[in-house]
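Here are a few notes to read alongside the model. Have it open as you go through them.

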Amino acid sequence: MNTFGRKLRLTTFGESHGKAIGCVLDGVPAGLAIDEAFIQSELDRRRPGQSALTTGRKEPDRVEILSGVFEGKSTGTPIAMVIFNTDQKSRDYENVKKLFRPGHADYTYWTKYGIRDYRGGGRSSARETAARVAAGAVAKLMLRELGITVEAGIVEIDGIEAKRCDFEHAKKSPLNALDPEAEKAQEAAVLAAKEAHDSVGGAVLTRAVGVPAGLGEPLYYKLDAILAEAMMGINAAKAVEVGVGAAAARMKGSENNDPITPEGFGSNNSGGILGGISNGDEIYVTTWFKPTPSIFKEQQSLTTEGESIRYKLKGRHDPCVAIRGVIVCEAMMALTLADMALLNMGSRMEHLTKVYSEL
């Protein structure tokens, strides 16, 4: 499946070393001001090759809007966007043409489709997430009109945890770090792994502020369930927590329940979601990323002919994919919330009568 969402539907296309990647975003209401400079700025945040902490691939990631926008506003028809690949080096993957890289999707894609696209992983490459970021930027423009903002940052790298979360600091940090005090140690861990031809994992905390109560479609399209699906669908994501997440299983009910007061909730262990529906509090989701599987140490694997082999990988790769995963997590949360906002329009008759009585 290459499509995400119900009312706001994102379909992406393209491969890592193909001519281009892109997306079609269907369901954007007509009349939304489309800020192309903002969309490009979001892609610039994801763009590789900007520091020693990320891959050396230098893609400009210039987005072109092909349809769905006229005179700066959405027309209500599908918005198609394309990003042409310009810095592919497929020759870097010649040595893995007939073997399966450990930790990658090479083996599973081959068993499913019977085709081995060895050029950087093809469709399974994280390169595809640029299309999600472009679409997520449009979703953010929608949410901005509703007073909703989405932001994220690194909450852990290589086991080094943030002790506090400063989302404003994360916006100017090369590491997207939430904790200025932990940032230096986290950066050192990434660079040490890179120097050792290895990689490290990390976790991204994503927050949505200004979300009204009532978003979410129980029982089978719950807000937390779809947020988990959205985050788990990001390359290298291995676990997702909403609110306190797994820690809730180690708490008493009296500790985990968020007290309800006239001023609002006394705590936010639920992460802003109860019964699959937003409760009006801030939404918190933590996404855990595995270490980048592309490492430059000798590894054991098999060839497509079943031959046992030891090999060393070549190419340009992130020593920690969680760093650039920050903007992708933001995009997927924005797409989910925008979709839920559109779905919620039909939850009450008064919503429909209000719209149609004004026609």
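1. Strand 7 and strand 3 (residues 20–26) pair antiparallel over 6 bridges. Strands here are DSSP E runs of at least two residues, helices H or I runs of at least four, both numbered from the N terminus; pairing needs at least two DSSP bridges.

2. Before going on: this is a predicted model, where local features need pLDDT of at least 70 and side-chain atom pairs pLDDT 80 or more, while totals for chains, interfaces and linings use all residues. Numbering runs from 1 along each chain as its sequence is written, and side-chain values use heavy atoms, without hydrogens and water.

3. Strand 7 also has strand 4 (residues 63–67) as an antiparallel partner, through 4 bridges; there, isoleucine 65 faces methionine 81. The open, antiparallel sheet has 5 strands in the order 1-2-3-7-4. Strand 1 (3–4) and strand 4 are at the edges with a single partner strand each, so one side of each has no neighbour in the sheet.

4. Now look at leucine 359, in the segment after helix 9 (349–357). Leucine 359 is exposed (over 50% relative accessible area), at 78%.

Definitions and conventions. Buried means under 20% relative accessible area, exposed over 50%, partly exposed in between (1.4 Å probe, protein chains only).
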